[in-house]
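Hi,

Here is the structure I promised to pass on.

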Number of protein chains: 2
Amino acid sequence: MMLTEQVDRIKERLKSKGYKLTPQRETTIRVLLEHEKDHLSAEEVFLLVKERFPEIGMATVYRVLDLLNELQIVQKVNFGDGAARFDLRAANSPHLHHHLICTQCGNVEEIMEDWLVSLEKRVEREFGFTVTDHRLDFQGVCSSCQMKEREKNKGGKNCQAVS
Amino acid sequence: MMLTEQVDRIKERLKSKGYKLTPQRETTIRVLLEHEKDHLSAEEVFLLVKERFPEIGMATVYRVLDLLNELQIVQKVNFGDGAARFDLRAANSPHLHHHLICTQCGNVEEIMEDWLVSLEKRVEREFGFTVTDHRLDFQGVCSSCQMKEREKNKGGKNCQAVS
DNA sequence: GTAATTGCAAAAGATTTGCAAGCGA
DNA sequence: TCGCTTGCAAATCTTTTGCAATTAC
């Protein structure tokens, strides 16, 4: 889908709920769409928006992000560093992506498929709990960090870990 | 398992890593064990510990919780309200419990089984990502809130939602 | 005895709020 | 025009840090 198309769709959503289309809101939405893969923090969004709209204030960015979160356009997530991050929800899927969080390099990879359909049914069946959303994150070591590790240990030393 | 037994086990773990057994640490551990189901925030832990050990300071509680988190005795989680919460890890299972978070009443129920074994294998296989831990939360409406909802709507009105 | 640990107070971040001015519909 | 929005600064809330005094081993 084209960027403009996505922007328009979100603008439509705002309008339909009676919210005004201000340049601050539009710029923030564009920044989020252009950094879809990045899990930006509020401050990062602020800095990026400020590049194009220098008068904007931090508080406005927080308010826009809050609004988009309420409208389910973004999802606020917390990976454990001090700050909340914002994940754009896919236009078609109502669910948050799954994440692979590398504890060595801090990189976050996304799994866009929904792997939880059958588990949601199980929750419904066993707990009588109606699922509206879910969150699945894996922590561990990504393939490129594993490669670096192997690289570092090469040389046939075949060493054992000692405490 | 008895409480004292669990406390001893954790004390052993501290000692083996060269940490000292202070009354502040012991009291904090006891409080966490006695509120295993509660997902306490740092402040809540602080207040509970303060009841038995009034001289303790907030900073100490944060430091103890950090330490227990590092030793994998508790797991720091963030459900999206402003503050981090602490979940005791089961003595046998290395993984964090799954959670059913009710968006109506805010209650958090735990699933103690590990439902993710096969998905972890898939992550390993498809992404070359070695999983060390995971997190699975479902948001939705719990059975008792659904019941309250039904109760409220009874009387055969059979109404439709209007915006 | 000595290094780890603590309590306090201050600092640091992240986020929210009050309010007068500005702007979109 | 009118009420929603904004920018700023101050306030709030959570968490961290520096440091001298204390304590477990």
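**Around DNA strand C**

Of the 20 residues around DNA strand C, the ones that come nearest are A:Tyr62, B:Thr22, B:Arg25, B:Thr60 and B:Arg63. Bear in mind that this is a predicted model.

Sorted by type, the residues of the surface near DNA strand C come out as 9 nonpolar, 4 polar and 7 charged.

- B:Thr60 has a polar side-chain atom 2.4 Å from a phosphate oxygen of DNA strand C.
- B:Gln24 puts a side-chain N or O atom 2.8 Å from a sugar or linking oxygen of DNA strand C.
- A:Leu21 takes part through its backbone, with a polar atom there 3.3 Å from a phosphate oxygen of DNA strand C.

Which elements give two or more residues to this surface? From chain A they are helix H3 (42–52) and helix H4 (58–70), and from chain B helix H2 (23–34) and helix H4 (58–70).

**The sheet in chain B**

Chain B also has an open sheet of 3 strands, ordered E1-E3-E2 with antiparallel pairing. Strands E1 (40–41) and E2 (74–77) of chain B stand at the edges with a single partner strand each, so one side of each has no neighbour in the sheet. E2(B) pairs with strand E3 (residues 85–88) of chain B over 4 bridges, in the antiparallel sense. For a residue pair to click on, B:Lys76 has B:Phe86 in E3(B) as its bridge partner.

Cheers

How values were computed: Residues numbered from 1 in each chain as written. Chains lettered and ligands numbered in written order. Predicted model: local features only at pLDDT ≥ 70, side-chain atom pairs only at ≥ 80, totals over all residues. Heavy atoms only, no water. Pairing = 2+ DSSP bridges. Near = heavy atom within 4 Å. Polar contact = N/O pair within 3.5 Å; in protein donor to acceptor, adjacent residues only side chain to side chain. Nonpolar A, V, L, I, M, F, W, Y, C, P; charged D, E, K, R; others polar.
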